[in-house]
Amino acid sequence: MAQSEWTCSLSSVHEWESPDYEPSLPVSEKSNPLTRDIDRASASRIVRMLQACDAQMFQEESGATYQRLLSEQVVATLMEVAQKVEIILKDPRDSLVVLSGCGTSGRLAFLITSAFNRALQELSQRSLYSYIIAGGDRALLSSQEAPEDDPKLGMLSLKKVCEGKKRVLFIGISCGLSAPFVAGQLELCLQHPEVYTPVLVGFNPPHQARNEPIPGCTFTFRSVVQRMQELAKSHKAFLINPAVGPEAVSGSSRMKGGSATKILLEVVLSAAHAAAFTNTPVTYKGILQHMRAYEKTLDITYAQKEGISALLEAAGQSLQRGRRVCYLGWGSLATLGLIDASECIPTFGADYEDVRGFISGGYRALNNNEGPLGPDFCIAHEDFLHLVLPSLDDRDVVLLLYTQSDDVSDVEKMALRVREKTSNLHAVCHRVEGDTAADDDINKLCSSSLKINWPPPASGSLLHMQWELSTKLLLNSLSTGAHVLKGKIYQNHMMDVQVTNSKLYCRATRLLQLSGCPEIQCEEALLKAVYRVDELTVDITSSDIITHTHTARNRTKVVPLALVCLLTGCSLMEAETHLQQQPIVREAVEACLA
């Protein structure tokens, strides 16, 4: 990075912490000063920007503005929650640990519970962890935004999972402290303290929790948080809510929000397992050491930034040409590929076919609650071979994701099959330094091959969790950067976001204020784009947000259309013509302004 760029980055690193910086927005929705012009950056500069944003997760507290990931209070709370899990592990009768969330948070709940249930099975213990995701298992693989707005559905799903249990540690994940689905579950916990101990994981301070009324409820997310704060004083509820800084693409909590969720919960559960099964007590130092291991993961991953930039460039070119990116993975790295692909649709307005993930072993390997999810969700390598491979050519990108622990001969077989159709084949492999696994033949088949070498581990399970985090960082960089290069971002805002729940509706209204128009005018423009009308009727203006978001599900380019209308005063039809002529959002906007 050039010296001038470093100086600029350093001055921007803490800018978001100023009380004057976007004061009306919670941290999780602010724009990041480090990425203001990411939509005009080259592939290599995008990767450097994302590295700088990810590094913000581990910054020390600067003054009293926000507690951070490594703050004393956060580490102390992680210790307490780990001790609660330890008690359940030592006496599991009628007990359960439940992780729940919406979107990315629910997908990570699934990933983490799967890993720790496997760890219990290896110790001949029965499974103690359950996950809940708003929208059910279909939400693991695609956007199911509407259930996020339903607190009663949240309550019902928690009751169902916990039927007959006398002691439940409930961990609700909501990066912005905003999801009504999770608010309903926390409310249920507060109503039944004899059974439930609630833990909330998020990345805004309590006073920034969402305070909008929830239809049909007497509580808001903020009122639930305030009650939890009171109970936290007597250790009957726990809040884990460090600030990790604004996302590289504003509001895209799949990135740092997801990574920090994974770090915090794995630190807690790993400490609890060590205490219960290896007589290693939960200590402040132990928690901190584990957190520092994840910080090292960032360094090891981004040491590969040249290779990541090349991958990002290739993926961006594929998407620009209207072609596709496919992740072919083994084990939990494949699950991360499935997760990353599923997030592109709501975040960037991507098509289902643009970025897809596939897992060796299909649903048997995924081992989700509901099993196979039908023909719309084909995720096995065999599905890729039958449904996708025949139509591939050199304009498509295929990325292999594996580790030294996987069946390298199987990876090679798949590489050979793909190479028959496209030379645009790439690989990411994690291995321990000094390992000489015979994967040279795979390298020869690939246009590029990232070999990420790791120091010999103190713990095999920690190493695997580091491999997962590294893969998540890499895939998030790849898919975000590729969509930036495709023109899906305006400055550092996800302008082509799907407006399919109340959180995204509010975000869309805020995005439109970039036009300089007042909020009420922005909301009117949004509704015109949703309903595809140039004049709003009384029926439309008197409908509630749920009706608006239901209608928006079948619409594309809602926010870009509304923005062009606001900036030019043109009709919707004229705005559509502008965007057809110039699909890159920033350039369409600038053409309008000119």
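**View 1. Helix H2 passes helix H17 in a right-handed crossing.** In this predicted model, the two partners are helix H2, made of residues 43-55, and helix H17, made of residues 460-486, and their axes come within 10 Å of each other while crossing at roughly 130°. H2 and H17 are therefore described as oblique to each other, since an angle over 145 degrees would be needed for roughly antiparallel and one from 65 to 115 degrees for roughly perpendicular. On the H2 side the meeting residues are Ile46, Leu50 and Asp54, and on the H17 side they are Leu473, Ser477, Gly481, Val484 and Leu485. Sorted by class, the contact of H2 with H17 has five nonpolar, two polar and one charged residues.

**View 2. Helix H10 also meets H17, and the crossing of H10 and H17 is right-handed.** Helix H10 covers residues 284-302, and its axis comes within 9 Å of the axis of H17, the two crossing at roughly 45°. H10 and H17 are therefore oblique to each other. From H10 the contact takes in His290, Ala293, Tyr294, Thr297, Leu298, Thr301 and Tyr302, which meet Leu462, Met465, Gln466, Leu469, Ser470, Leu473 and Ser477 of H17. The residues in this contact of H10 with H17 divide into eight nonpolar, six polar and no charged. A student comparing this view with the previous one may look for Leu473 and Ser477 of H17, which are listed in the contact with H2 and again in the contact with H10.

**View 3. An open sheet of five parallel-paired strands runs in the order S2-S1-S3-S4-S5.** Its edges are formed by strand S2, residues 129-133, and strand S5, residues 238-240, each of which pairs on one side only. From one strand to the next, the twist averages 20°. For Val201, the bridge partner in S5 is Ile240.

**View 4. Helices H7 and H9 are placed against this sheet of S1 to S5.** Helix H7, residues 180-191, packs on the sheet and touches strand S1 (95-101), S2, strand S3 (167-173) and S4, and the direction of H7 makes about 150° with that of S4. Helix H9, residues 256-277, lies across S1, S2, S3, S4 and S5, and runs at about 155° to S3.

**View 5. Another open sheet of five strands, with parallel pairing, has the order S7-S6-S8-S9-S10.** Here the edge strands, each pairing on one side only, are strand S7 with residues 355-359 and strand S10 with residues 448-454. The twist in this sheet averages 15° from one strand to the next. Strand S9, residues 425-432, runs parallel to S10, and seven bridges join S9 to S10. Within this part of the view, Ala427 can be found standing opposite Ser449 in S10.

**View 6. Helices H19 and H21 form a left-handed crossing.** Helix H19 spans residues 519-531 and helix H21 spans residues 545-552, and the axes of the two come within 9 Å and cross at roughly 45°. H19 and H21 are therefore oblique to each other. The contact is made by Leu527, Val530 and Tyr531 on the side of H19, together with Thr547, His548, Thr551 and Ala552 on the side of H21. By class, the contact of H19 with H21 holds four nonpolar, three polar and no charged residues.

Note on methods:
Residues are numbered from 1 along each chain as its sequence is written. This is a predicted model: local features need pLDDT of at least 70, side-chain atom pairs count only at pLDDT 80 or more; totals for chains, interfaces and linings use all residues. Side-chain values use heavy atoms; hydrogens and water are left out. Axes are lines fitted to C-alpha atoms, for helices over the stretch in contact, and angles run from 0 to 180 degrees between N-to-C directions. Helices (H or I, at least four residues) and strands (E, at least two) are DSSP runs, numbered from the N terminus. Angles under 35 degrees count as roughly parallel, over 145 as roughly antiparallel, 65 to 115 as roughly perpendicular and the rest as oblique. A crossing is left-handed if the near helix is turned anticlockwise from the far one by less than a right angle, and right-handed if clockwise. Contact means heavy atoms within 4.5 Å. Ala, Val, Leu, Ile, Met, Phe, Trp, Tyr, Cys and Pro count as nonpolar, Asp, Glu, Lys and Arg as charged, and the others, Gly among them, as polar. Two strands pair if DSSP finds at least two bridges between them.
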